[in-house]
Structure formats: structure tokens, C-alpha cells
Amino acid sequence: MSKLSSITSNPKISVDSTAPRMRSNRIKATRLGSVIVNDYWSDLFAAKEQGKKVIWYNGTYIPPFFHAHDVAWVHGEAWSAYLAARHHEGDAQAAGESRGYDRELCSYARTHIGQALMDKKDLQDGKIDAQSAKGLAISQLPLPDMIINAYPYCSSGQQWDEMIYRLFDKRVPIFHVNVPMLWGGRKDATYLAGSEMDEKIAYVSRQLRAMTDFMVEHTGRKYDWDRLGEVMSFIKKSAELRLEAMDMCTATPSPASFFDWIVTIAHVNFMPGTQRLVEFFQAMKDEIAERVANGEGAVPDEKYRLFFDGMMNWNKVGWLAEKFAANNACVVAGRYTHMSFWQEPQAIDLNDPVPGMAHNYLACPNNSGAPYMIGEIDRLCDKFKIDAMVMHVSRTCRGMTNSQHLIVDSARKHDRAALFFEGDVADESFYKDELLNTRLEAMLESLDSKRAMVA
Amino acid sequence: MGLTYLLFGVHPCMQRRGVHSRMESMQKILGRFAAVAGDSLAYAREWKERTGRLVIGSFPMHFPIELAHAAGALPVIIQEADDPITDGEGAVFSFYCGYNRSVADQALKGRFNFLDAIMFSDHCVQLLGTADIVRWHAPELPILFEQPVSSLDMKWALDETRAVYEMLKKDVEELLGVTVSKEALNASITLYNRGRRLMRRLYELRIAGNVGLSARQMLHVIKSAMVMDREEHTALLEELVAQAEANPTQASNAMPVYLSGHLCQAPKLELLDLIEETGTIVVGDDLYHGYRYIASDVPETDDPVAALANWYIDKNAKVPCPTRADGDADWDDFLLRDVQRTGAEGIIVLVAKFCEPHMYYYPEIKDAFDAAGIALLKLETEHDSMPFEAFKTRVETFVEVARRKRSVAAA
């Protein structure tokens, strides 16, 4: 039985034949991925019962270190995204606001901090019914035994965990990994290379090793470096398969879209490195290869190829997937999906994975000075034959909105159109649907006009 | 309060003392500071033309400007400009703080073209984006950046800071084609420490009520220090402090208040005037254009780069910065102590709109002051326009509340 048919026959996955027909032709293998994610959350919710220590962390994809040490982990952003995707973020954000956290603050942070506040007070006070769907979703999150922050580029991301630390009255030990920006000002600087990169890899590597000492101190167990190598073997293979699958989207029509990659962010970001993860990305790659062979596209009647810049609007994943598909626009690639997670697996030496992991953490696209980041975006746009850019201006994520005007400046020099639309990562109130509708329509019309002139 | 106050920003205390000739000397110095603070780039351009030396711009808050000074350049901390954001609208979104929007605007207007370089060393995510905008639009202007450690309580913080500062020193030397000797760097440190001590002396005199400097004037003292030739500024300061010490004023009976916030840009002068026109007198602050800038001296040792690294780490203990992660530093506790130290009866928190570090910490500050029963007022400030009439009403109410708390406490 192939991996694909195993999805539809798996009793855990239901296929609703009465659902309305969607315009976007989503990769079916992503449903296999849903099982992995659901199992992760279920295991997390049971961690304390199983006697596991729990680390709350934010920033870059350091879970392999936790996995190798057999501790459970919660990525604050992922938890905020989890709530937002289920539309349960409202109460957590309201708790944050009533405490005095301004709405203009990172909505990931507000949701997570609000969650911590609610766990501390509101559920105990019975203000939310712990048995309601909202209550259950929110109260299941286990409280931390350790806090680790490893945030490239974004100062707010680092402060976020400082606030969590203070909310827990400084009783939960905290550790910071500084992932410094690659400004690229030295004479030998190129994209992810040069003396600055070499120094920063060494610096981040030292901190990562110190982080393992921190975990040893607070768990009382020796760190198993062999286990880290083993975990990383699955992560590395998964990353390679993912990149190979992405590369196939140079085909026209593109067999997969940005939204297929978005729903696999969790897997490449914080899922355990196991054979199951490898099989998932293999299934993705196999399905994409099959679509290329059959000329099947993620958008059945692809007329436009777009690049999505900015953070994802987690409240609107399905909504946006359908919107673009309905306009025959395939969002083929994006900064968040194509430049942000284990993009350089070749740098990882499984016998000594730490420097290669540090290399990848430094490769966060925002962490490179704008000329280098934008050079890479332009290269991807050329590779995937992009017609135009869709710039998601996430109101409370300035780490991602920095340089967006410059990205558009460069895109226009490369004869690519661009539109901006307002939204946010986890606060739905900032999203303006009608503005996107109007601007998207206008941009696609302008593409049509340009094509007609050329023809 | 009188025409003299409006024309010269002189606090009424100074008028009552009738020290006309000494006032003239002090007013001349304060006028010089005000003029430089009012157009820092014009000062820097004139200095460059006059001396033939280089001018290096820098962004707030943590760059060790002694390095640039020791290399023979004029270090200038780039200020928020007064003009509305126009060109910058196409570079930075409206939900960024006024400082960043103004810097981008100034860059696009070509105001930085005369600078020989910009050097900075910070962590604020908005500033990193703005620096990239400047770099994009002014590709001929060298912009040098080394990121310091931002989590100050990690074991490697001091060693890593030292390494970053060694790299910055090397960058300055390569850029200017000089070698910065240990002696030159120590001399710069000594000079800057002298300036900081003199400015702190003015703060001490203000707390004691012995110098009638308005909030506006004190800001000019600090802001001009950020941009002026340090030898020139220090010489004027020496005279100013000497005059102030020789002619102590009587303490004002206005209600003493403390100003907190504004971590990068100067509060608008009109706002400071408004606050003091409601019957208050500012006796202390932790503004960047205030005590935060002068609180910590660099140790004078035979290893000046290490000394600068120690300064960077240690200053957070003196005046905590919310942009640093430091489990041992509690900004709310610091503010409670400092309000008490200065004798203030209330605190006005100036939050620059969209300043994320401040937005994160503000709830704790508010809770701490509510618990301590000290009057607190938050004013959210903006670059382009502010509702001054509404602010006036709120400050007046705040003053009444603070006075009522004082009466209750006294009873």
C-alpha cells in the first residue's frame, strides 16, 4: 500500500465527501503530517503525567537538543499559532490586554503571555469553563520547568521570554542563546559566508553547548551527544527531502503551493526528528513528483505565480489559500517557507552536528543584512519564475516587515509587480480582507495588461 | 510664569535671585547648548568644515562612542528630527516608533550624506531594519555594525562584549586609517567621564533645588553632549556647573515629578514645558536624553577596551534598560527607588508609540507604582502630532491626584 493510499485508509484521518469543492488543490500528504502534529500535542499535554520536564522556548528550531535529552518542549509561537488556527486566541490576547500589554506588541507574545496569565489566574478563578473547548485547548499546556530563548534578529522575541520569566516570578530558570545578526559589512562578506559568518558560527556553537549544560543542571542527567547525532540524522534527511520537493515546484503548473509548505512549518520547525518525519517528507516529495509527471498543479488553472513575503497570517491560512486559487494565482514560494528552516542541511556533520546547526540558525533570512536577504529572495523568484510579490504587512511583527519596502524596490527592478496587504500573525483584527481583494485584483489585471502588450 | 521663562526657558527661581550678570553667563551657555541641540547635523557639518576632521554618526543607545572620539572623529548620536515624515513614508511603515521613521526620513532626504560613516551596536529590531534602509539608500556611506550581547546575565556576556568591542575598534581604525592607542582611548574615556560627572552634578543640584534648570534646559545639556565636540561641551559644562554651585537658587515649591521612558529619542520640548507649566518641577528622570545617558562612567584602567565592555554590562545595573535581557535588573524596582531618591511625588511615564521594549515592561511599572500608592501617569507620545490640550488636562488631574496622595500620606 503506497503512502498516499494509506492516508485515506487510516482510521485516524477522515475524508469528508460532503465538503464543498475547494479551488486550491492541496497536497494530500499534508494530512499525514496532521497526524504527526496531533500526536506531538497529545504527547506534550501528557508530559507531566509521564514525569517529563518541560521546556518553553522561543525563536529558532532548537528542539533536537531537547529531543536528544528526552525533555518535552513548547514553542511559544507555535502555541500561539495553534490557538489562532483554532480561533481560540481571543481570550488569551484579551487577558494580555487587560494586564496592560498594548495591542501593538507582537501578537505571538501577547497570546503566549496572555496564556501564561490565564493559566496562573483565570482558569483557577473559574472565569473560563475548564471543560469548554476553549478551556480545554488553553488549559492543557503544561507549565515550564525551564525557559530557553534563542531568537535570531528579533529583540522583541528575546524580551518575550524575559516577560514569561518574570510572570513566573523568576522561579523558572531561564537561558538565553544570542543568535547575532549577520550585517555583512566586512570586505569578505557574502551570503552566509565570510569571516563574520565563521566567527558567529563558533559563537553560537559555544552557546548551544552551554545550553546543554543548562539542561543537564536542571534535569540531573548527562547529555547524550550520540542521541543528538541520531535525531539530527532524521532532521537532516527530512530537510533534504523537503528542499528536493520544493525544487520540483519550478515546474509549470507548480505542483504545490506556499500553503502546502505553510502547513508543514510545524514539522520542519519543532516536530521530533524521527523516521516518521522522514517518511512524511518522502510522501510529500513522492506526491509532488507524481503531480509533476501528470502536469497537475496546486492551482488547477495556474495563470500567475506569486511569492508571499512576510509572516504567515495564521488565522487565515485556508482563507488565503482559497482566495489566491480562486484568482488562478499559485503562491509558489515565500520567505517564511523557503528561507527559514533547515535551509542548509549540507552544513550538518552528523558526527559533530552543533556547528552545522549553528550555521542553520544563523541562516534565518531576517538575520542577514537586507542586501543579502533580498539577493536571495530575488534568486528564488527567478528560480520559481515568479510574476509578482504579495507582501503581508504583519502589523505586530516588525522583524518581518523590516525591509519590505526594499524587497519591493528590488522586485520592481526585476520587473516584478508587488502588492502590500495588512494583517497580522495571530491577531485577526488587523486583517483587512477587502483591501487584499481590491489590490490583488488590480495587480493581476496589471499583469494581464503587461502580457497582452508583450504578446 | 513670565516672559523671561518663555523666552529663555529660565525657571522662575533664577529670576527671583536677581543674579543678573551670572544669569547672563549661564544663559549664554544654555543658549549655546540649545542651539546645538536644535540642529545637531548643522553643528556637525560646520565642525567638519572648520576642523577638516571626520564625523561618525551613531544610533542610540549602547555604542561606545569613546572609540570614535579616540580615533579623532566627532561622534554624533543621530537624533529624531522635528520635521514631519514625508520621504520616509515609503520606507518605514507607520507602526514603527517615531525615532526609526524619522531616521529613515532623514536618510532619504539626504541629511546624512555629509557623514563619513555610521557605526552602531544594538539589538532593537526596528533599528536594525532602519539601518538597512539607510544602507540601501546611501550605499556610499559606510555603515559598520557589531551586535553586542543582549542577555547580560549569561556567563559569556563580558568576554563576548569585549570581543565585539575589539572588533569595533578594528573597524574604526580601518575606516579612518588610524591606530587607536591605549593612551588615546583612555584619554577619551577620562574626558567623557568628566562630562558625565559634571552633568550628574547638575542633576544633584536640581534634586536639592539649588539650580533652577527647567526640564527643557536640562534636556539641552544632555542632547548637546550627544553631538558636540566633547572638549568644547565639557569646557562649557565646567563653567555652567561652577556658576550654578556659586549661585544656588532657592528650592521651588512646585510639585516634584519624575519622568521615565523615551529610550531613544528626546521628548518634545513643548511636552516638557507643558508638564512644568501645570505646577510641577521635574527633579529626576531615566530618559535616554537624561540621566540614563550619564549614569555610568567607564572604569579608568590600563585596559580601556575591557573597561568599555565592563561599562556596557554594569550600566544596566545602574539604570536598567528594557532592551537587555538581565534577570537581575528590575526596571520597576529601580524606578521606585529613584523616585524616592529624587524626592518626586509622582511619575510621568513617556511611552514613545510603538516602542516595543517599553510596551513589554510598562504593565509591571504600573503595577509597582499602584501597589506603592505613588501617582503615575502614562503619556503615549508620537512623532508627528500629539494632543497637547488633552495631555494638559491629564497632567493637571495627575497633579491633583498626587497632591491628594501626599495629603493622605501626611495625615
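**Reading a sheet and a chain contact**

Guide: Helix 7 (residues 125-137) of chain B lies across strand 3 and strand 4 of chain B, and runs at about 150° to strand 4 of chain B; angles run from 0 to 180 degrees between N-to-C directions, with axes fitted to C-alpha atoms, for helices over the stretch in contact. This is a predicted model, in which local features need pLDDT of at least 70 and side-chain atom pairs count only at pLDDT 80 or more, while totals for chains, interfaces and linings use all residues. Residues are numbered from 1 along each chain as its sequence is written, and chains are lettered from A and ligands numbered from 1 in the order in which they are written.

Visitor: Which strands does helix 8 of chain B touch?

Guide: Helices (H or I, at least four residues) and strands (E, at least two) are DSSP runs, numbered from the N terminus. Helix 8 (residues 157-176) of chain B packs on the sheet against strand 3 and strand 4 of chain B, its direction making about 175° with that of strand 3 of chain B.

Visitor: In what order do the strands of the open sheet of chain B stand, and is the pairing parallel or antiparallel?

Guide: Strands of a sheet pair through backbone hydrogen bonds, either parallel or antiparallel; a pair needs at least two DSSP bridges. Here four strands have the order 2-1-3-4, with parallel pairing, and the edge strands are strand 2 (74-77) and strand 4 (143-145) of chain B.

Visitor: How many residues does each chain give to the contact?

Guide: Two residues are in contact if their C-beta atoms, placed from the backbone, lie within 7 Å. Chain A gives 37 residues and chain B 38 residues, and helix 8 of chain A gives the most to its side, with eight residues.
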